[in-house]
Amino acid sequence: MGTFYIENFGCRATQADGAALESQFQSQGLQRADAMDAAQVVVLNTCTVTAAADQDARAAIRRVSRKNPGARIVVTGCYAQRAPAEVAAIPGVSLVVGNSHKHELASIAVNAPGFVPVEKLVVGTGSRLQAAGFSETSILRTTPDQRSANDLLSTTDEQRPTTEIFVSDIFAHTELLAAPVFDAAGERTRPNLKVQDGCDNRCSFCVIPFVRGSSRSLPMERVVAEARTLVEAGYKELVISGINLGRWGRDLRGGLQASGSRLQQSKLKKSGSKLQESGSRSQASDARKNANMLTALIRAILDQTSLEKLRVSSVEPMDWSEELIRLMASSARIAKHAHVPMQSGSDAVLRRMHRKYRPWHYREKILAIRKAMPTAAIGADVMVGFPGETDAEFEETRRMVEELPFTYLHVFTYSARPGTPAAEMKSPISVRVAKERNRILRDLAAQKKLEFMRSFIGKTVDVITLKQEAKCHEDQDGCLTIGLTDNYLKMQLREAHPPNQWIAATVESVVGGELVGS
Ligand code: SF4
């Protein structure tokens with residue numbers, strides 16, 4: 001039996017794809033190897049969100065090729081989709097499989113045909129990727145032969161094809177790989193289920209839509225079925241996530257498509273004013289329904305399963321509807337945790353980023369969330385060093401971070417991605433200035449997090465114990481169990497508790513960035 005090993009990079013969506021790839025290989029009759037250097041097929045499931053992510057992927061390819069020179073190295077994921085020829089040119093790579101072909105990756109990996117030189121790649125014409133400036137994106141689809149996995153895996157290096165590329169227009173791709181994954185290595189208590197993939201927005205700095213394609217959703221009944229299976233397997237918390245989770249359901253039958261609304265709008269404009277009036281009412285009602293698709297999904301999970309706690313991952317500011325906030329606030333079964341990407345507090349920068357909200361919209365949403373859920377974790381992604389970001393614009397961001405009730409921040413430094421509009425913008429920010437802005441926001445975020453944690457001293461919080469077994473030291477303070485609160489704070493519990501239990505604990509102190517209590 002052949003063996004495989006998968007290394008995932010990047011976001012939760014990529015981790016979720018990696019979990020689905022594991023099942024694909026198992027159904028092809030391959031077995032998971034314990035270590036990369038013991039596997040016959042090594043899959044590197046890459047990210048391309050920054051230049052550093054590309055660099056990490058290249059370093060990993062070189063590492064695998066050095067440590068396990070006999071392995072078939074398959075590179076997939078977002079970097080493979082964005083720059084397939086660049087990846088294929090790295091010595092040691094056997095196969096490049098873009099996100100467009102990820103749903104059949106294992107079959108390609110074990111059945112791939114003969115060598116196709118990179119220079120013979122057919123560059124697709126008229127593809128949207130090219131229109132977006134992805135000149136090197138190659139469109140190549142070869143027909144796999146039907147050699148068995150063992151035949152392929154037993155070929156020698158000389159017989160084995162060198163590099164093949166399977167990449168096509170991601171916008172034509174409708175598959176959604178879905179398999180629950182776990183947040184951190186070794187943590188097996190809080191599965192993460194990707195219920196949505198792709199994005200229809202076009203933020204000027206972001207390459208994701210071009211490597212993950214259009215927004216698409218896992219149907220409600222499949223989400224509920226997955227949630228039920230996880231509950232039956234004993235899990236007490238489920239995290240639902242997506243590339244643009246707030247758009248869940250809008251592509252599904254019954255979901256109201258933006259194109260449909262546009263069509264309706266143009267038809268109505270041609271008719272009389274009465275019709276126009278009723279048209280705008282119906283449009284407003286469509287918009288409301290669209291805005292509440294995610295809320296409907298959350299309700300279905302709560303109503304149709306006995307899940308103890310549901311955590312909702314990142315949702316774009318404009319998708320935090322009143323209904324969503326109200327539902328989160330009113331149900332003890334939903335973790336009090338809102339992650340709302342902000343990117344910048346400057347109107348001018350948000351416009352250059354092609355973000356769809358203004359700073360005052362963002363502010364309103366965060367304040368509404370805080371009002372409805374006074375103890376919730378509220379987090380944001382913030383980007384510094386976007387082209388042309390002046391000191392005054394950065395100051396607007398800093399002030400907004402200072403003023404809003406954030407409990408944590410993810411601070412990113414802008415990284416130009418080939419083919420995106422921002423990569424063509426003038427006035428890049430120097431590394432020194434970007435680093436300093438990053439540090440300022442991180443320090444501010446650390447201070448806000450500490451204040452938030454200290455506000456719980458003497459109070460009782462809900463904590464789920466994580467995978468790690470309790471550690472007991474007779475000569476020290478007894479036992480220690482690590483947990484995560486409902487509102488996303490790490491907590492050290494002074495007793496031994498089995499993993500995967502929700503317990504009520506009293507916070508005694510804050511030590512080393514974690515709550516301590518019993
Ligand atoms: S919302 Fe913007 S930043 Fe997020 S994935 Fe879509 S395009 Fe990228």
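**Predicted model: helix packing, sheet and ligand shell**

Helix α9 passes helix α12 in a right-handed crossing (the near helix is turned clockwise from the far one by less than a right angle; helices are DSSP runs of H or I with at least four residues, strands runs of E with at least two, numbered from the N terminus). The model is predicted, with local features needing pLDDT of at least 70 and side-chain atom pairs counting only at pLDDT 80 or more, while totals for chains, interfaces and linings use all residues. Residues are numbered from 1 along each chain as its sequence is written.

**Helices α9 and α12**
- The axes of α9 (residues 220-232) and α12 (residues 293-304) come within 10 Å and cross at roughly 40° (lines fitted to C-alpha atoms over the stretch in contact; angles run from 0 to 180 degrees between N-to-C directions).
- M220, V223, V224 and A227 of α9 meet L297, A300, I301 and Q304 of α12 (contact: C-beta atoms, placed from the backbone, within 7 Å).
- The residues of this contact comprise seven nonpolar, one polar and no charged (nonpolar: Ala, Val, Leu, Ile, Met, Phe, Trp, Tyr, Cys, Pro; charged: Asp, Glu, Lys, Arg; polar: the others, Gly among them).

**Sheet**
- Six strands in the order β2-β1-β3-β4-β5-β6 form an open sheet with parallel pairing (at least two DSSP bridges between paired strands).
- β2 (31-32) and β6 (164-166) are at the edges with a single partner strand each, so one side of each lacks a neighbour in the sheet.
- Helix α1 (residues 12-27) packs on the sheet, touching β1 (3-8), β2, β3 (41-46) and β4.
- Four bridges join β4 (residues 72-77) to β5 (residues 93-97), and T76 has V97 of β5 as its bridge partner.

**Ligand shell**
- Around the ligand lie C199, N201, R202, C203, C206, I208, P209, I243, N244 and E316 (C-beta atom, placed from the backbone, within 6 Å).
- This shell divides into six nonpolar, two polar and two charged residues.

Note on methods: Two residues are in contact if their C-beta atoms, placed from the backbone, lie within 7 Å.
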